[in-house]
Structures are given as structure tokens and as C-alpha cells.
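Subject: Structure handover

Hello,

Please read the notes alongside the coordinates.

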Amino acid sequence: MAPVVVVLFYRYFLPTPPSEGTGGGAAIDEATLRFFLSNSAHYLPLLLSHQRDLCSKLGEAKGRILLSREGINGTLSFSSAALNEYVKEMENFDLLRDLGLPADSEGDAPAAGAGRLFSGIDWKTSTSNDGDQEPFPDLKIQLVKEIVNTGGTIDVNDIPKDSGKEISAEEFHQILVEGQQNDGGAAAGDKDVDANAPVGKKKEVVLIDVRNTFEHQIGHFLHPHSNPLELGDSAGAASEAQDADNNTSKDESDRPTPALNPNTVTFSHFDSTFCSRYSDALKDKKVLMYCTGGIRCVKSSAMLKQRGVEDVSHLSGGIHRYVEQYGNDGFYKGKLMVFDKRVALDPDSMVTKKGSGEEATNGEKLAKTSCASADKVVGHCIECQKSYDNISGATLCSVCRDLILLCPECKISLIEFHCERHQPWKDVYFTFLERFTVKELRSQHDGLQSLHDNTYVPAKEHKNVRRTLRKQMDKILARIKDLEEGSAEVDRNAKRRCRTCFESDDVCDGLCWGFWRSLQSPLDGDSKLEPLLPVKVGDRVAPGPNWNTFRYGSKCHPVNSRSRKRPKSSDGDEAPQSLYLPDEPMPKMGTVTEVKAWASGGKELDCVAVLWDAPLGADTNQNVIRYRGKRMRNKGVAAPQTGIYRWGAVARNGKRMYDVKLAR
């Protein structure tokens, strides 16, 4: 297969020039933007169809596109020719010309030719040279509330007034070269600085990586001097850092240190995990932020500024644009995490602006010498601490499913894996309990209870963690009960299981989720595949031979329980239990709504989407039941849901896996 090009792009729908961080391009016409937002309920489904049609026309697009009222965010793979055609179509897209006027439109329609929503986007490209597989398993285009999820913390309308200053790779690099800033917050070479202004107290530069922990661990920027902010308690953090600086030798203060890692699992936690704790300590600092392509910094800088941190700048185009220019010779060290099958890229492989052999500038020399001592591999195995930076979807934290750096030697010795945050839980929290005796389970329960009562206090500040601990303790008690009653047995030889699909490691190698999805690594290269069984949309199905109760629960709907409170109407009339839960186990039944590729990388249709029938008496829309013509709230019965299930996906043992089967 010829090399493919991966393109990373985003655009916030704002009437803001590119210097303000909307994702590049000329400002969107304000009349067009007002008209689009007033009629977004009409246009968003059409934009979704437009993207699907465009990608279908090009024939080979794979990747992810998110669309919302606030903008577009995408990563796609194409051949070089198809990419050029996609960019051309997007640049020429016009809202009214291509999607027309709604029949009942609100507001005045913009002038003809003014509806360029995607003109001038910053298209960041890289190459995949792996001829054996596509970077993405499939194409997914969807409507979302936010194109980068903050949990509603930042509204897109806050960006023009609150987002930090977007600076070029050259400016970003130069600030790191100088390592400190004038009190007025002006960057090196800032055109707005009065050259005759007196030099005041210099600001310390704080470098913040707004990506997730696993991204930071395999690659990050180095601050050219010791970090002026320690991630301890926010109260006093600034003064402690200042005291440390005052008592540090010149040699130690000049030692490069990694950018701050906010220790987030997902970006939606950035405000609550980092900004709420450290904003006060940052108010007298010069803050530089960066992410992969720039989109997360637009909102994260707004989070800090809304908390009173005034001097905030972020890297335009993210790490991607920086390493295109500086490669491994700049301040970024290690690999760049990318969310496709390439997993991580070497900065030198992305360089597009290499010099012509001229003598390096002073800034370039400083970057090379001050960071030269850093090993190219910046990551470390969480267990043995040796240098290691191979991220794998098969090594996930048992508690939070965060990606972990774990070398092969340490992986073999562990039953389950735990991330940095959950190292204190490694002896007491296990997803799979079948190998443990009652004595061992009781010890785990006591350990979890101790964490709950002594570590994660006060309760108000640790609600989610304490809930997780209680849930695991309940799970352990239920397992102990089953063992003591004889309904379960201890399996000391239980195989390690995949944290995602819960299958044993002879069935799944752990790469069954997200962009990792691909044909399983075969244990036996001589295995011959059976043909896929036929299935089509509309077929009726039930739980099949490979239905995993660890993951999907029982094959039957809940059985009638006299201890469950019966639903009542507003006048107190009680419905007979037989109307909302069956007296005997009732097998689940459902209807196939879609047949598509899952783990095959698009080579065959090996999964089905199934809409399950509602339990007897449940209203599929309102989660209520009807009794004597009255609608009653039914908290005990969940509305039916659509799930994705394997239909012939190939396991490591060469067998096809069928989570569901055709109903007879």
C-alpha cells in the first residue's frame, strides 16, 4: 500500500482573526456566523451529511471528524491526491451555496459567497509509511456538544475575550531560549513593547503541558531552567518555588526540567484538577502552554485567564508545528503521541523546514546545548523505572483505564496494571477476582476501606474516588458471598484478561479498542479462518456463544424480586409486579440495526449494532410503565439501548467470536 497522509485540523466558528486562536484562516463573516448559529439545528445535520458525502466521494478517507455549533475538529488519512481534493473542497465550501436556505430561517441571510466556514484552516500533515495497515480502522463522523470536551466549563463565546495569546513556534522557542520575561509580560521580539520602557521585575516562565499524562510521559518540552512552580498544594506553591530559587546554585537553576504535567486522564479534568488548585500560584508568572495541535490550548488558556492569570500564551499549531521546524534540535524531547495506529512519532521524522547548512543562531545553539543531556527516550517503565516509551493499548490501569508505560519484563510479572495515581491501590484493587481466596479478598476489602476512611478525606473533595472504592468493596463482598455459598470457585490459574473486552489473553491481545483495533496477533500462524456467518439489518438476535458476562452482564432480564419497591402512580395506586418484571428469567432479544467493520481494519464486516427489546412493561422512550391507563415512573427497569457486539471478529486463537447469535 502506498504511503498515506494524515491531516490534523480544527476550526472554531468565531468572528475572530487567526491570531486569536480559532484554528487558522480568515475571520468568518459575522453575518454568516450569526445566521449559522441561529439556524444550527437545520445546518448541523446537513454539515454531517456533507462531510460523509465528501469523504465517500474521495473513496479512501478514514479517521475522525467532530462537528458542533462551536466548530469542527478532525483527523483523517488519505492518499496525497485525495487530501488535496478534500482541502480544496473545504476551502471552497460556502454555507448557502452548498447547503441552501432553510425554509423557516431565522435572521437575515448573509451575502452570496460570504459563507466560507472553513477557509484558511491550518492543515497540519504527517505521513504514514506503514504499508501493512491504515492509520485508522474506519471513518467516524459525529455531532457533539463540544469539539474538545471541557464538560461545559468553557463556552465557545468565551474564547475571544478569555483565550490566551497565540504565539508562533519561533516566538515560543525564543521565550524558552531567554528563559524569563519582562514584568510587563512582553515576549521576546513582541512588537507591542515600548523599547524605551524601564525594565521592571522579571517574570518567571512557567511551561505547562495541557495534554494527558500518558502523552506527556513519552515526550514533552524542557524548560531551560529549573521549574519555578512545584505541583504541591496551591497555597504557598509560589512562595516555596521562590524560596527554592533563592537557595539554588546557579548550576542547579540552569538545569533543564520537564514542562509541568497537570496529571489529567482526560482534558475535561484540566480545570478541576489543575486550574482550580494552581491558578493563584501562576498569577505573577509568564505562562506558556502547549498541546498536540493547538485546539486544547485555546480553551485551557481561557480556563486560567478566567481564574485571574493574565499573562498566558499558547503555541500556535501546537507541538506539530514546532517540531516541523526544530525536530529534535529544539526544546521538545521524546516522541509525539498521535491518536492513530502510528501511536507516536519521532520529531525528526516530521521536520519540513530544515535549514540550509548556515551557522546556527545563538538561540539554536542554546537549545541544543542546554537540552543535549536529555536522553531521546524520556519515558520510564512505571515498575522498574528503566527508559521505556512504547505506549500500548494493552497496558491499561485496572482502575481508570489510563494508558501506562510498562516494559515487557515487568508486564509478565503482573496480574493487573496500575497507573501512577493508583499505585497505592495496586495490592488491593483488581478488576478480575476469580483467582483470589476469601482470605485474600478480605485483605483487599480492608485495604480499600482504609483508603476510603483515611486517605481520601474530606469526603466532599473526593466524592468520585470514594464512590469507586465503595463500588469495589461491594463487588468483593458479593464475590466472598458466592465463594462461601459454593456458587463460585477460586481459579488460581486464571489467565490475565483484557481490561477492555474482559476476554482472556489467549483470545485478545488487549488491542481491541479505539484506534488500536486491528486483527489480533495470532498465537498460531497456521490457523485457518472459518467463513463469516451471514447476518443482515433487521435480523433478530440473542446473546450468543461468546457473550461475556463480565462485560455485558446476564443473558436474561432481571427476575421478579419481592424486595423491590413497586412503582406507584400519583394517586398511590400500585402496579402488580408481574407487569414490570417477569417471574421467570427472560432471555434478552434484540434487532440488528447495523453491520460494520470492527477489528478487521475494514477488511470484513465483523460486528453488529443491536437494539435490545425493552423488559416486559417498560416504556422505551420514557422509562415508565403503564398500569390501568396510568403512566408510572419505573426506576427499576432501564430503557433499551443499542450496543456493539462481535460478529465473527477473530480471536488470537484463530477462532471467530460471536457475542450474539441469530434467534430461532
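Is E503 buried or exposed? E503 counts as buried, because its relative accessibility is 9%; buried means under 20% relative accessible area, exposed over 50%, and partly exposed in between (1.4 Å probe, protein chains only).

Some ground rules. This is a predicted model, in which local features need pLDDT of at least 70 and side-chain atom pairs count only at pLDDT 80 or more, while totals for chains, interfaces and linings use all residues. Residues are numbered from 1 along each chain as its sequence is written, and side-chain values use heavy atoms, with hydrogens and water left out.

Salt bridges

The whole structure holds 33 salt bridges, each defined as a side-chain nitrogen of Lys or Arg within 4 Å of a carboxyl oxygen of Asp or Glu.

E503 is paired with R646 in one of them, at 2.6 Å from N to O. This pair links distant parts of the chain, 143 residues apart: E503 is in the loop between α16 and β16, and R646 is in strand β23 (residues 642-650). R646 is buried too, at a relative accessible area of 8%. Helices (H or I, at least four residues) and strands (E, at least two) are DSSP runs, numbered from the N terminus.

Elsewhere, salt bridges with shared partners join D122, K124, R321 and E324 into one network.

E440 and R492 form a salt bridge at 2.7 Å, N to O. They are 52 residues apart, with E440 in helix α15 (residues 438-455) and R492 in the loop between α16 and β16 (540-543). E440 is partly exposed at 28%, and R492 is partly exposed at 48%.

K495 and D506 also form a salt bridge, with their closest N and O atoms 3.0 Å apart. Both lie in the loop between α16 and β16, so the pair ties together parts 11 residues apart in sequence.

Surface charge

K460, K463, R467 and R470 form a positive surface patch. Patch residues have over 30% relative accessible area and no salt bridge, and like charges are joined within 9 Å. K463, in helix α16 (residues 463-485), counts as exposed at 54% relative accessibility.

Cysteines

The count of disulfides (pairs of cysteine sulfur atoms within 2.5 Å) is zero. For C410, the nearest cysteine sulfur is that of C407, 3.5 Å away. C410 is buried at 13% relative accessible area, and C55 counts as buried at 3%.

Regards

Definitions and conventions. Patch = residues over 30% accessible without salt bridge, like charges linked within 9 Å, V, L, I, M, F, W, Y side chains within 5 Å. Areas by Shrake-Rupley, 256 points an atom, 1.4 Å probe, with all protein chains shown as cover. Lys, Arg positive; Asp, Glu negative; His and termini not counted. Charge placed at Lys NZ, Arg CZ, Asp CG, Glu CD.
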